[in-house]
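Morning, everyone. Please bring up the sequence and the 3D view, and we'll start.

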Amino acid sequence: MQLDQLMQNPQPLQLTAAAWTQAAAEDWQSYHLTDYSAHLRLLTIDELTELLPVLHLHQITCTENIMPLWTNGHSDYIGVYVSGTLQGKICYLDHEESDLSPVFRTVHSFLTAVQQHPDTYWEELPHDYPSDRSLSEQQQNEDIACIHQLLTQLEQQQLDDQERCMLLYSVMALTPYTHLDSLMPYLEDDDMYVQERACAILGHHCYVPAQPALEKVAQHGMHNGQLAAKIALSRIQKWKHQNRSQQELD
């Protein structure tokens, strides 16, 4: 993978836009992908050169480690964390929503998803994060190590509310099923977006032990949290019903 090789550079952010776009193009072609596979195309050198200063000016400091390389042509981008704790992971940069949490574990897993689903819109591709329950031990250990580093950043750096929110989004996305209890305190977070995301992640995993806490948020949480908690509870109830039906069939 050419992009992986560039990320081994001691200062990947100092590399030119030409180097990044060429590496992305070579990797894209090596998977036999074309423009608008998954309704995406590669950014040109000029587009990337113009985008980077704008991205870093108007977004939060978390974007400094991200290299946007693909676009859907509607001001949305897919980028690679080329340095930092999340190096190598893929995130979406949606112009309507601030969320920089990783979606794919590696460039390889992203390109494989595009290759296998070339007619699927990029936001509907099967993701690595939030993860399912079939993680290998190595993958789980890698994710937990990333979480610990992100939490250390939260403790040691002075962050504004948006930066804190973005880091916690990544923490929650990376959290494997076996460690979901660690997200329970965020159901009582003072930031309504953090509370909302905690509900969404626990609901995504159909995490039954969270049901009583989600019921409390659905009744007394902040507006965003209440709606997200109700959706999460609905997912959990549906999962429980399906699980009971399967057990009866067995």
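First, a term. Buried means under 20% relative accessible area, exposed means over 50%, and partly exposed is in between, with a 1.4 Å probe and protein chains only. Asp-189, with a relative accessible area of 10%, is buried.

Now the ground rules. This is a predicted model, where local features need pLDDT of at least 70, side-chain atom pairs count only at pLDDT 80 or more, and totals for chains, interfaces and linings use all residues. Residues are numbered from 1 along each chain as its sequence is written, and side-chain values use heavy atoms, with hydrogens and water left out.

Next, salt bridges. Side chains of opposite charge can pair when their charged atoms come close. The rule here is a side-chain nitrogen of Lys or Arg within 4 Å of a carboxyl oxygen of Asp or Glu. How many salt bridges does this rule count? The count comes to 6.

Take Asp-189 again. Its side chain meets that of Arg-164 in a salt bridge, 2.6 Å from N to O. Arg-164 is partly exposed, at 29% relative accessible area.

Another one: Arg-105 bridges to Asp-143, with the closest N and O atoms 2.9 Å apart. Is Asp-143 buried or exposed? Asp-143 counts as buried, at 0% relative accessibility. Arg-105 also counts as buried, at 11%.

Last pair: Arg-41 and Glu-47 form a salt bridge, their closest N and O atoms 2.7 Å apart. Arg-41 is buried at 18% relative accessible area. Glu-47 is partly exposed at 28%. Thanks, everyone.
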